[in-house]
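Please look through the aromatic side chains of the structure shown here.

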Amino acid sequence: FKSKTSEWLDIHNPATNEVIARVPKATQEEMLAAADSCSRSFHSWSETSALTRQQVFLRYQQLIKDNIVSGMRRGKTLADAEGDVFRGLQVVEHACSITSLMLGETLPSITKDMDTYTYRLPLGVCAGIAPFNFPAMIPLWMFPMGMVCGNTYLLKPSERVPTCTMLLAKMLQDAGAPDGTLNIIHGQHDAVNFICDHPSIKAISFVGSNQAGEYIYERGSKNGKRVQSNMGAKNHGVVMPDANKENTLNQLVGAAFGAAGQRCMALSTAVLVGEARSWLPELVERAKALRVNAGDQPGADLGPLISPQAKERVCSLIQSGVDEGAKLLLDGRNVKVKGYENGNFVGPTIISGVTPQMKCYTEEIFGPVLIVLEADTLDDAIRLVNKNPYGNGTAIFTTNGATARKYTHEVDVGQVGVNVPIPVPLPMFSFTGSRGSFRGDTNFYGKQGIQFYTQIKTVTSQWKAEDATLKSPAVTMPT
Ligand code: NAD
């Protein structure tokens, strides 16, 4: 419906900075109406059969497949935008297995004539708060798993990319989700606070920066809600000298600069071990060859940053590296893109000689910047990675199985790739960022996602034959 708000936020095309749409900041009344609508529809939606919910999501996954559209990107290249939708679609496909995923447990004959079994039940109204960088995938990590479990869902997309969520919501309606089961509210801090405080909301799934995620975790938890906060990252790629050089350099460059580094799993930090140090010049050559352009231009390898403020922040972090004594091997700050002179472009940038104290190492850059550190041995590299506060993702490049095994066992990071630069697990597993990249107990999708969106009820039942009826009150604790 049309918002009655008087406050609107402009949405810009990051390649030109032209205003292309406006998003309403939902009023308190509208947010209350959205939450009420979720509460009202919870009773009937949670009572629909698992098979009915499964059918809705089976139709939904087909509709998404039929409509993998370019309208779902915000400065992303077309191929990357399709990847965004595709990885979200996989979660919807996974949600279609709900009839197996939601099975409880049973133990018959736990004692004479007594059986115990558990149900997994929905929580009520659940909410999601999403970031800008995967406008399709991240909302699709949220409401499909929540809703297929029988919850209703209130979603606040990023105010910078709200249109994609609206398309996804429309398709869900077309797939047969009843009115009221998914409601969208737009806005910034007020909308976030509303979600953290509203008593009907039982669980919050957040993805975004640490600043917002820690705040939401605290405020939501204090109000008795289940909260999972998936936050920032500093993902290290450890390059061993025995690695397949060609493969490794290509993977590193792709994972550092793809999506202009605006991925929480971007491989933003290379650790060159021993002789692998000598690969730096070739790394730079490969990065130089990438083409920077508006996402909708053919051949673009990386597009613009989301906003002028993001560009300014990235450029100032690059400068901080220079000021602190690192070496700028490739500087993308003055890149010019013909026809898009006002865009928020930064070209591939490589900073070497970085040490752990430098600001460009301690802060997440979230731009097309690869910082390079060195280590003498694998043990040194592991110590370095484990000292970094973030634990979202990491990768090791090696041809030695024992090296890979040692790394995967000793590194304290939630998602580890062996010769895989961006190890985002498929949805039958879970997205398992850890340490400073995550707050909460259970992660996204996979078994953990089902756990997050359900609670367990345990039933103990006894059916005795008539002749086994108790003859007097049983006053002792049953054993
Ligand atoms: P962001 O934190 O600015 O915004 C995320 C959401 O929080 C938005 O909906 C926004 O409206 C809201 N928000 C922003 N600032 C807030 C504040 N101070 N208080 C309350 N709410 C606030 O993040 P972003 O710039 O949209 O996304 C980039 C960040 O997200 C990066 O740090 C990236 O690493 C992280 N990210 C993490 C994952 C993951 O799975 N761990 C995935 C994608 C992105």
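This is a predicted model: local features need pLDDT of at least 70, side-chain atom pairs count only at pLDDT 80 or more; totals for chains, interfaces and linings use all residues.

Residues are numbered from 1 along each chain as its sequence is written, and side-chain values use heavy atoms, with hydrogens and water left out.

Rings of Phe, Tyr and Trp (its six-membered ring) count as a pair if their centres lie within 6.5 Å, and the pair is called stacked with planes under 30 degrees apart, edge-to-face over 60 and tilted for the rest.

| Pair | Centre to centre | Angle between planes |
|---|---|---|
| Phe 132 and Phe 366 | 6.1 Å | 90° |
| Phe 452 and Tyr 453 | 5.0 Å | 80° |

Phe 132 lies in the loop between strand 5 (125-129) and helix 5 (137-148), and Phe 366 in the loop between helix 12 (359-362) and strand 14 (369-375), so their pair ties together parts that are 234 residues apart in sequence. Helices (H or I, at least four residues) and strands (E, at least two) are DSSP runs, numbered from the N terminus.

Buried means under 20% relative accessible area, exposed over 50% and partly exposed in between (1.4 Å probe, protein chains only). Phe 132 is buried at 12%, whereas Phe 366 is partly exposed at 23%; Phe 452 is buried at 1%, and Tyr 453 is buried at 2%.

Trp 141, Phe 431, Phe 444 and Tyr 445 form one aromatic cluster.

A charge sits over a ring if NZ of Lys or CZ of Arg is within 6 Å of the ring centre and within 35 degrees of the ring normal. Arg 22 lies over the face of Trp 8, 4.5 Å from the ring centre, and the charged end of Lys 76 sits over the ring of Phe 134, 4.2 Å from its centre.
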